Amino acid sequence: MIVVGVDGSPAGLEAARWAALEAALRGSEVRVTHAMPAWACEADGGPYAEVARWMREGADTIMGEALEQVRQAAPGVGVSTARLPGDPRAGLIAAARDAELLVVGNHGLGGFRGLLLGSVALGVAGRAPCPVAVVRAVPEGALPQIVAGVDGAGADAETLRFAFFEAGLRHAELVVVRAMGTAPGQAEREGPAAGPRRWPESPPEVKVSELVLPGHPVDVLLQASARAELLVVGSRGRGGFAGLVLGSVTHALLHHARCPVLVLPAVPQQ
C-alpha cells in the first residue's frame with residue numbers, strides 16, 4: 001500500500017499522480033488521505049453538525065480530485081480514500097504504519113510564499129515508519145536515472161538497497177554520488193570511479209556508476225538532481241545532530257532539489 005496525503009493544492013495532485021505511477025510499478029495500491037479536525041470527523045449532532053458536514057464534504061471533494069488523478073495516471077491500480085482526524089503530520093505518520101511508502105507534495109496550501117517546502121512534508125520526512133517521497137515535478141529532459149546520495153555513514157547500505165530497487169522498477173541507471181572527502185580515507189578525485197564495480201546484492205539488469213565530485217554534499221546532490229527522475233537519501237548523515245531527525249544535508253535537499261526526493265526512515269543512533 002502507498003499512502004498519499006492531499007490537501008487540494010496542485011502539489012497534492014502531483015503527489016497523487018506520482019503515487020499512482022509508483023504503485024503501478026510495484027503492483028501495489030494507493031490510499032488517498034486528507035487530514036481534517038478530529039471533531040469534524042465525528043460530529044453528527046449539536047450546534048456545529050452542519051459545519052462538520054460541510055467540512056467532510058470538502059474533504060471528500062479534495063480526495064475525489066486526487067482519486068481522478070490516480071485513475072487517469074494508472075487505470076489498473078486499486079485506490080481507496082480515508083479521512084485523517086487531527087494534525088496532518090501525526091495522521092500521515094499513523095496512516096503509514098503498514099505502508100510501503102508515504103507520498104506528499106513538496107508545497108501545500110499551508111505553506112507561505114517564499115518557502116520552498118511545506119510544513120507537512122518537512123514534518124513527516126524521517127519521522128514516518130516507512131520511506132517518504134516528497135514530490136515535485138520531474139525536471140524537463142530528465143534522464144532515466146536514479147541518484148543515490150551517500151556519505152560513507154552507516155545508513156549507506158540501506159540507501160543503496162532502496163535506490164537499486166527503484167532503479168530496477170524503472171529500468172533506469174543508478175548513479176551513486178558522493179561529495180569529495182565525505183568518506184573516511186577516501187582519495188580525492190573528480191569524475192567517475194575508476195572501472196566498473198560489482199555492487200553487493202545489486203540486480204544484474206541495473207547499470208550503476210559512481211561519481212565522486214568536489215564540493216559540499218548539498219551542492220553536489222542538487223546538481224545531480226537536475227536531470228534525475230528521483231533522488232534517494234538517508235534521513236541523517238555525518239552532519240546530523242543527536243535529537244534531530246533530519247540531517248542538515250537532507251533538510252537542504254528537501255527544500256531545493258530539482259526532482260522528487262525519497263527519504264529513508266531515520267536510523268536509530270547507537
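## Model and confidence

The protein chain has an average pLDDT of 84, and 80% of its residues score at least 70; pLDDT is the predictor's confidence in each residue, from 0 to 100. This is a predicted model, in which local features need pLDDT of at least 70, side-chain atom pairs count only at pLDDT 80 or more, and totals for chains, interfaces and linings use all residues. Residues are numbered from 1 along each chain as its sequence is written, and side-chain values use heavy atoms, without hydrogens and water.

Over residues 111-116 the pLDDT falls below 50, and this stretch has seven contacts (heavy atoms within 4.5 Å) beyond near neighbours in sequence. Where pLDDT is low, the predicted coordinates should not be read in detail.

## Nonpolar cores

A nonpolar core is a set of buried (under 20% relative accessible area, 1.4 Å probe, protein chains only) Ala, Val, Leu, Ile, Met, Phe, Trp, Tyr and Cys residues joined through side-chain atoms within 4.5 Å. The largest one holds 38 residues, and V4, V6, V32, V103 and L174 have the most contacts inside it. Helix α1 contributes the most to this core, with six residues.

Leaving out residues up to four places away in sequence, V32 touches V4, V6, M63, A66, V70, V79, S80, T81 and A82. A second, separate core has 34 residues, among them A99, C130, L221 and A224.

## Contact of α1 with α3

On the α1 side, L13, A16, R17, A20 and L21 meet E65, A66, Q69, V70 and A73 of α3. By class, this contact has seven nonpolar, one polar and two charged residues.

Terms used: Helices (H or I, at least four residues) and strands (E, at least two) are DSSP runs, numbered from the N terminus. Ala, Val, Leu, Ile, Met, Phe, Trp, Tyr, Cys and Pro count as nonpolar, Asp, Glu, Lys and Arg as charged, and the others, Gly among them, as polar. Buried means under 20% relative accessible area, exposed over 50%, partly exposed in between (1.4 Å probe, protein chains only).
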